[in-house]
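This report describes selected local features of the structure shown below. It treats the ligand surroundings, a helix pair and individual backbone features in turn.

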Amino acid sequence: MVVGMGLVPDVVSLTEVTKVYAGRVRALDRVSVGFGRGSFTAVMGPSGSGKSTLLHCAAGLDLPDGGRVVLAGQEVGALREPKLTAVRRRHVGFVFQSFNLVDALTVWDNVLLPQRFAGTRPDKAWAREVLQRVGLGGRERARPGELSGGQQQRVALARALAGRPEVIFGDEPTGALDLSTGREVLGLLRGFVDSSAATVVMVTHDPAAAAWADRVVFLADGRLAGELASPTAELVAARMTELTR
Ligand SMILES: Nc1ncnc2c1ncn2[C@@H]1O[C@H](COP(=O)(O)OP(=O)(O)OP(=O)(O)O)[C@@H](O)[C@H]1O
């Protein structure tokens, strides 16, 4: 099944992607899916269905064993290090459940860190604006340990956005947050998609979180198991119940 290959050009596309672990676990089995510019996609499926593997392959963090991944116009499998890392740093932002902030650095330095790693001159005015937008204006000098979980996730979001990536990948970005803080983070992601035509691909277990997306892509046993446009939490939950039956 091929989903998401629409009229809008894809920022990320996977064609017949297969990933096998330890020579026998087929985590992804000929998955073809595209993520269009300015779209927000949630990836869902039962535990072990291949969601994180899909995200890692799409983001160039992991190489597929078969098929093709094109990320921001570059075929990932054809790139060697350090080029692959350079493409990732230039075009991709990440938001993980565990935030992955550096405790020894201030909020400000955490936000600018990926650009410093990339060797690009940080756009400080934009970084400041992004921190304002996520509600952390004035907290630049704080350390992550002094912030709440929700605030730390917002720092991670600001860090992901500060380099103006074409695509942001989230692996359970609201998984460690309470309901209302999770909603705030999802609202921010939604706002960035709508205002800057950024592309978001987010793995989640939560139907209410998936309902913020334009589309939900379902996986089961490493294969695509359909998609849902304009999702509601109820429709997503019903589909998940069918998949886990
Ligand atoms: N590094 C690895 N080595 C061996 N097997 C792996 C590895 N990573 C993932 N797998 C296996 O690949 C399959 C897909 O894993 P993946 O983490 O992508 O699923 P998931 O849908 O994200 O699961 P969850 O919802 O539980 O996080 C599982 O069977 C998992 O055990």
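## Ligand shell

The residues of the shell around the ligand divide into 4 nonpolar, 7 polar and 1 charged; here Ala, Val, Leu, Ile, Met, Phe, Trp, Tyr, Cys and Pro count as nonpolar, Asp, Glu, Lys and Arg as charged, and the others, Gly among them, as polar. The model is a predicted one, in which local features need pLDDT of at least 70 and side-chain atom pairs count only at pLDDT 80 or more, while totals for chains, interfaces and linings use all residues. Residue numbers start from 1 along each chain as its sequence is written.

The shell itself consists of Y21, A22, V25, A27, G45, S47, G48, S49, G50, K51, S52 and T53, a residue being near the ligand if its C-beta atom, placed from the backbone, lies within 6 Å of it. Two elements, β3 (25-36) and α1 (51-58), each supply at least two residues of this shell. The largest share, 3 residues, comes from α1. Helices (H or I, at least four residues) and strands (E, at least two) are DSSP runs, numbered from the N terminus.

## Packing of α3 and α5

Helix α3 (residues 107-118) packs against helix α5 (residues 149-162) at an angle of about 35°, and their axes are 8 Å apart. The axes are lines fitted to C-alpha atoms over the stretch in contact, with angles running from 0 to 180 degrees between N-to-C directions. The crossing of α3 and α5 is right-handed, that is, the near helix is turned clockwise from the far one by less than a right angle.

On the α3 side, V107, N110, V111, L112, L113, P114 and Q115 take part, and they meet V155, A158, R159 and A162 of α5; contact requires C-beta atoms, placed from the backbone, within 7 Å. By class, this contact has 8 nonpolar, 2 polar and 1 charged residues.

## Backbone features in loops

E81 and P82 are joined by a cis peptide bond, with omega at about 5°. P82 belongs to the loop between β6 (74-75) and α2 (83-91).

Two residues other than glycine have positive phi: E172, with a value near 50°, and D221, with about 50°. E172 sits in the loop between β8 (167-171) and α6 (179-196), and D221 in the loop between β10 (215-220) and β11 (223-229).

Are these residues buried or exposed? E172 has 20 other C-beta atoms within 10 Å and is therefore buried. D221 counts as partly exposed because it has 15 C-beta neighbours inside 10 Å. The class is buried at 20 or more other C-beta atoms within 10 Å, exposed at 12 or fewer, and partly exposed in between, with C-beta atoms placed from the backbone.

How values were computed:
Two residues are in contact if their C-beta atoms, placed from the backbone, lie within 7 Å.
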